[in-house]
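Have the model open beside you as you read.

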Amino acid sequence: MIDLRSDTVTRPTPAMLEAMAGARVGDDVFGEDETVNVLQRRAADLFGKEEALFCPSGTMTNQVAIKVHTQPGDEVICDRLSHIYNYEGAGIAFNSGAQVRLIAGDRGRFTAEQVAEVFNAGANPHAAATRLVAIENTVNRAGGSCWELGEIRRIREFCSGNGIGLHLDGARLFNAMAARGGTPRGYGALFDSISICLSKGLGAPVGSLLIGSRDFIHRALRVRKVLGGGMRQAGYLAAAGLHALDHHVDRLVEDHSRAKEMARELLTQTWVSRVLPVESNIVIFELAEGISSESVVGHLRSQSILMLPMGPRAVRAVFHLDVNDAQLGKALETLRKYRG
């Protein structure tokens with residue numbers, strides 16, 4: 001089975017499993033897991049921040065960050081396509097008691113001017129006070145679109161000038177850097193908090209990191225505890241994350257290349273009406289009138305290829321380290337033969 005539903009479906013490589021088996025562990029709730037501590041220090045140093053916190057998932061790192069940045073009744077600005085709004089179980093309302101102000105950006109990317117238009121300083125007692133702006137890079141629902149660093153800098157200037165936080169949902173941030181450039185320390189200088197996933201393109205089985213100042217992470221640790229995110233001998237998982245950072249970052253360009261090759265093939269098919277621009281490892285394509293995503297996905301499944309419906313007439317394919325050139329070739333040949 002060629003699984004293109006998500007880059008979360010990867011399995012540990014033999015070398016990663018070896019690193020996990022040899023991890024030095026302790027009780028992380030007591031702060032005594034040596035490998036977790038090494039991973040957290042490594043991530044903080046990589047992004048030029050003071051500390052980091054290892055959590056089970058990207059949803060948790062995002063939700064912990066929002067909780068630390070806000071108080072009940074505050075407002076979070078994000079794009080209408082953002083993961084924190086669409087795919088985290090209404091966690092902003094459930095966990096933080098905050099409301100969301102949505103921006104209709106360009107494939108998930110908005111401007112500093114758009115932030116200024118919806119920003120509320122809190123002087124009006126009838127409106128929620130803006131406390132946080134959240135950016136997602138790459139933008140999952142927009143087909144892995146990547147932000148321009150210049151626009152992020154302008155948003156940073158606005159947030160700093162108005163005393164509000166700036167959070168990065170960087171679930172696929174290493175994909176964004178592979179596609180558009182930039183460095184971890186460069187991103188670290190722009191954001192108050194950063195969430196990165198180890199279990200997507202980097203191929204670890206579990207885990208995300210929240211990165212920020214010492215005070216921010218101290219408060220985040222308590223929120224992680226309240227949410228049930230304290231783990232014990234988590235070093236076995238942290239070892240996978242360390243291996244991923246050491247060995248799976250540079251290869252992300254291979255996933256991007258395969259995604260672009262699939263996009264080129266899809267553009268030649270009459271049953272495809274549009275393919276979102278492909279910048280990283282995600283391909284989202286829309287179908288011609290009369291063709292449903294379920295019919296396409298069902299046909300592909302019958303040929304041992306898995307993709308994900310993204311609505312009645314849209315389908316997603318995501319490339320990752322468990323998909324090689326031969327599997328890409330089979331997927332392309334299957335797409336060529338499909339007639340709708």
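**Strand pairing at a glance**

Strand 10 and strand 13 (residues 314-318) run antiparallel and are joined by 5 bridges. Strands here are DSSP runs of E with at least two residues, numbered from the N terminus, and two of them pair if DSSP finds at least two bridges between them. Please keep in mind that this is a predicted model, in which local features need pLDDT of at least 70, side-chain atom pairs count only at pLDDT 80 or more, and totals for chains, interfaces and linings use all residues. Residues are numbered from 1 along each chain as its sequence is written, and side-chain values use heavy atoms, with hydrogens and water left out.

**Around strand 10**

- Strand 10 (residues 282-287) is mostly covered, with 5 of its 6 residues buried (buried means under 20% relative accessible area, with a 1.4 Å probe and protein chains only).
- Strand 9 (residues 272-275) also pairs with strand 10, in the antiparallel sense over 3 bridges.
- Here R274 stands opposite E286 of strand 10.
- Strands 9 and 10 form a hairpin, with 6 residues between them.

- Strand 3 (residues 75-79) pairs with strand 4 in the parallel sense over 5 bridges.
- Within that pair, E75 stands opposite Q99 in strand 4.

Terms used: Helix = DSSP H or I, 4+ residues; strand = E, 2+ residues; numbered from the N terminus. Buried < 20%, exposed > 50% of the residue type's maximum accessible area, 1.4 Å probe, protein only.
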